[in-house]
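Let's take a friendly tour of the pockets in this model. Here are the sequence and structure to follow along with.

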Amino acid sequence: MIFAAAPVIDKVLAGRSRLDASPTRAERLLARFHQIRNFTSALCANLEPEDFVVQSMPDVSPTKWHLAHTTWFFETFILKKFVSGYHADVPEYAYLFNSYYNAAGDMHRRDLRGLISRPTVREAQRYRSSIDAHMDNLLSDADENLIDEIEPILILGIHHEQQHQELLITDIKHVFAQNPLYPVFREHKTNIAPPKPALMRFFDFDEAIVQIGHDGHEFAYDNEGPRHRALVSAFSLASRPVTNGEYLQFIEDGGYARAELWLSLGWMTVNEQRWQAPLYWVKRDGAWWNFTLSGFRPVDESEPVTHVSYFEADAYANWAGARLPTEFEWERAASDCPVEGNFVENEAFHPRPAPASGQGRDLHQMFGDVWEWTRSAYSPYPGYRAAPGALGEYNGKFMCNQYVLRGGSCATSRTHIRRTYRNFFPPEKRWQFTGIRLARDPQ
């Protein structure tokens with residue numbers, strides 16, 4: 001999907017002479033800003049006002065909140081800082097739409113976001129339009145010194161919005177899944193007879209000292225650095241993610257009833273939550289069905305299994321006689337893989353089938369489709385220090401009781417993911433598009 005820049009950009013560019021065709025830095029930033037903002041709006045195009053306000057569990061935020069929170073980010077960290085005498089039209093939004101930035105002020109409780117009927121959806125959309133207009137005015141009149149100050153925060157805000165685009169998709173999926181009518185988010189044709197996946201192979205990697213982390217060129221989050229050397233012992237990595245068909249074998253072999261396969265906390269969670277299959281799987285008349293953003297349909301055994309927790313991924317790996325990779329093994333293996341795959345720009349909103357037989361010579365689906373759990377705890381790299389102020393709270397404060405995931409998913413933007421990108425979630429969470437890639441120690 002291609003989005004036009006905002007009207008103010010069109011007017012500026014239209015007024016240029018043909019000899020001066022190159023856009024300025026401010027124009028490029030504004031064009032990118034509006035492209036991302038427009039894509040967020042496009043994701044909501046098929047939603048009804050009632051869909052925008054539901055919070056189906058504490059981890060899920062209403063769509064309306066995502067629209068307002070990403071707007072609050074630009075207002076708080078750019079407009080209030082760089083626009084002289086700036087006055088918020090609705091000062092109370094600073095409390096309602098802050099998420100976890102303690103240095104930015106008090107915030108409304110996350111688990112109560114679904115109780116906020118006002119502002120209305122229309123008012124939230126007006127808030128977005130108003131802030132976008134203020135951003136147009138600020139950047140259109142900014143000199144190079146001011147742009148130098150604004151640009152890194154604006155780029156961070158753009159990537160922050162892309163994160164919330166992914167959350168918007170996974171959150172509305174959880175909302176729709178609670179509805180026995182199983183609403184369709186976006187129609188998508190499926191392959192009636194998908195090809196049989198290639199057999200899973202394992203590729204060997206020798207022990208090596210490798211560079212881990214972002215190299216400092218272009219944008220990255222602070223948790224991707226500092227770049228440092230790490231000793232990665234010899235290991236083997238699976239050629240593709242685990243499929244639904246392979247995971248079904250784990251289920252049919254009593255995987256959810258065998259305590260020896262599970263971590264202690266995982267076993268307790270399985271029994272408390274009564275898990276019997278991945279999230280969104282339902283058994284009807286002896287067959288497994290799967291709720292997707294394109295509707296309710298039979299489980300496709302050729303697709304990567306998704307919506308599994310770290311606990312389920314670890315238990316499956318134990319059952320398969322393997323393990324999960326470390327994030328350092330994953331990054332080393334991904335260093336030669338092109339960053340391409342099934343991302344949100346494809347608008348499939350679901351993992352694609354594994355590669356067919358005869359296509360198993362390389363590592364497949366390292367990027368896109370499903371986030372891949374690693375066995376690495378989310379912790380700081382050597383020398384890491386969180387930046388001061390509210391923006392310093394972005395990643396560092398969450399480095400506890402979570403595990404790292406790599407590679408992106410079908411809900412992630414292609415322009416947002418990197419080989420060094422470190423996603424992270426607690427081990428029991430599974431409403432994101434999370435999957436499994438196996439690793440092994442040397443045989």
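## Second largest pocket

H6 supplies four residues to the lining of the second largest pocket, the largest share. Other elements that give two or more residues there include strand S2 (208-212) and helix H10 (327-334). Helices (H or I, at least four residues) and strands (E, at least two) are DSSP runs, numbered from the N terminus.

In this pocket, 24 residues form the lining, and His214, His217, Arg418, Arg419 and Thr420 lie nearest its centre. Its space comes to about 510 Å³. By class, the lining divides into six nonpolar, nine polar and nine charged residues. Here Ala, Val, Leu, Ile, Met, Phe, Trp, Tyr, Cys and Pro count as nonpolar, Asp, Glu, Lys and Arg as charged, and the others, Gly among them, as polar.

## Largest pocket

The largest pocket holds about 780 Å³ of space. Its lining has 34 residues, with Tyr100, Arg110, Leu167, Phe424 and Phe425 nearest the centre. Helix H3 (63-82), helix H6 (144-177) and strand S10 (423-425) each give two or more residues to this lining. H6 gives the most, six residues. The classes here are 13 nonpolar, 14 polar and seven charged.

## How to read the values

A pocket is an open set of points on a 1 Å grid over the protein atoms alone, where a 1.4 Å probe fits, with protein on both sides within 12 Å along at least five of seven lines; lining residues have an atom within 4 Å of a point. Points are joined across faces, edges and corners, and a volume is the space filled by probe spheres set on them.

The model is predicted: local features need pLDDT of at least 70, side-chain atom pairs count only at pLDDT 80 or more, and totals for chains, interfaces and linings use all residues. Residues are numbered from 1 along each chain as its sequence is written, and side-chain values use heavy atoms, leaving out hydrogens and water.
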